[in-house]
Amino acid sequence: MEALKQRILQDGTIIDNRILKIDNFLNHQIDTDLVLKMGEEFAKRLKDVRIDRIVTIEASGIAVAFAASVAMGNKPLVFARKKKSLLTAADVYMTDIYSYTKEETYRASISRNYIKAGEKILIIDDFLASGAAAAGLANIVEQAGATVVAIGIVVEKSFQPGRKLLEDKGYRVESLARIEKFEDNKPVFVE
């Protein structure tokens, strides 16, 4: 997606040729116009797939998943929680996920009321690096007896093993911007 690539070049910050920071338009402050275009792009790329529900993880995936839901005719949207609260139901699907950027493992959960057996699920996430978050969400979906029909990623670090991990499990991966490498703290995109 050319608009996203241009925005990464313009406003993204790369730290130690390792981490891409895009909190000025996605992960802290949200450029709603760009996010709506991301949702439209996912809808266009996945028009051949039946999708019953969209699943994401709090917090950065929610805006893009919402935009995709709207662009796909208001598909139901549910997000996995990263922390347990007093309001968290006891009857949840859960999995442990390692966060590359936070360097910690957290337990993600979704209430059993919000994913039904037999549903076709689109997973959306902001970044793909190791593939741990998307694989964790896929695990939750499969615990429910539903099927992951595609995984939508905003920014993929193609030099890390995430795509291979997901494709080796048989998942379709659609990334809006694929980064081949970081060079001198600048992104080089996959052509």
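Here is a short walk through the structure, one selection at a time.

Before you click, note that this is a predicted model, where local features need pLDDT of at least 70, side-chain atom pairs count only at pLDDT 80 or more, and totals for chains, interfaces and linings use all residues. Residues are numbered from 1 along each chain as its sequence is written, and side-chain values use heavy atoms, with hydrogens and water left out.

**Stop 1: the annotated residues.** Select Leu20, Asn27 and Lys157, which an unreviewed UniProt entry annotates as "binding site"; such annotations use the numbering here, have shortened feature names, and may be inferred rather than shown by experiment. Leu20, Asn27 and Lys157 are also part of the lining of the largest pocket. On a 1 Å grid over the protein atoms alone, a pocket is an open set of points with protein on both sides within 12 Å along at least five of seven lines, and lining residues have an atom within 4 Å of a point.

Zoom in on leucine 20, in strand 2 (residues 19–21). Strands (E, at least two residues) and helices (H or I, at least four) are DSSP runs numbered from the N terminus. Leucine 20 counts as buried because its relative accessibility is 6%; buried is under 20% relative accessible area, exposed over 50%, and partly exposed in between (1.4 Å probe, protein chains only). Beyond four places in sequence, its contacts (heavy atoms within 4.5 Å) include Phe127 and Lys157.

Now hop to asparagine 27, in helix 2 (residues 23–27). At 25% relative accessibility, asparagine 27 is partly exposed. Leaving out residues up to four places away in sequence, asparagine 27 touches Ile22, Ser60, Asp126 and Phe127.

**Stop 2: serine 69.** Pick serine 69 in helix 4 (residues 60–71); it's buried, at 6% relative accessibility. A polar atom of the serine 69 side chain sits 2.5 Å from the backbone oxygen of lysine 75.

Stop 3: Most residues other than glycine have a negative phi, and most peptide bonds are trans. Select glutamate 58 and alanine 59: the peptide bond joining them is cis, with omega about -5 degrees. Alanine 59 is in the loop between strand 3 (53–57) and helix 4.

Notes
Polar contact = N/O pair within 3.5 Å; in protein donor to acceptor, adjacent residues only side chain to side chain. 1 Å grid on protein atoms, 1.4 Å probe; cavity = no way out; pocket = protein on both sides within 12 Å on 5 of 7 lines; lining within 4 Å.
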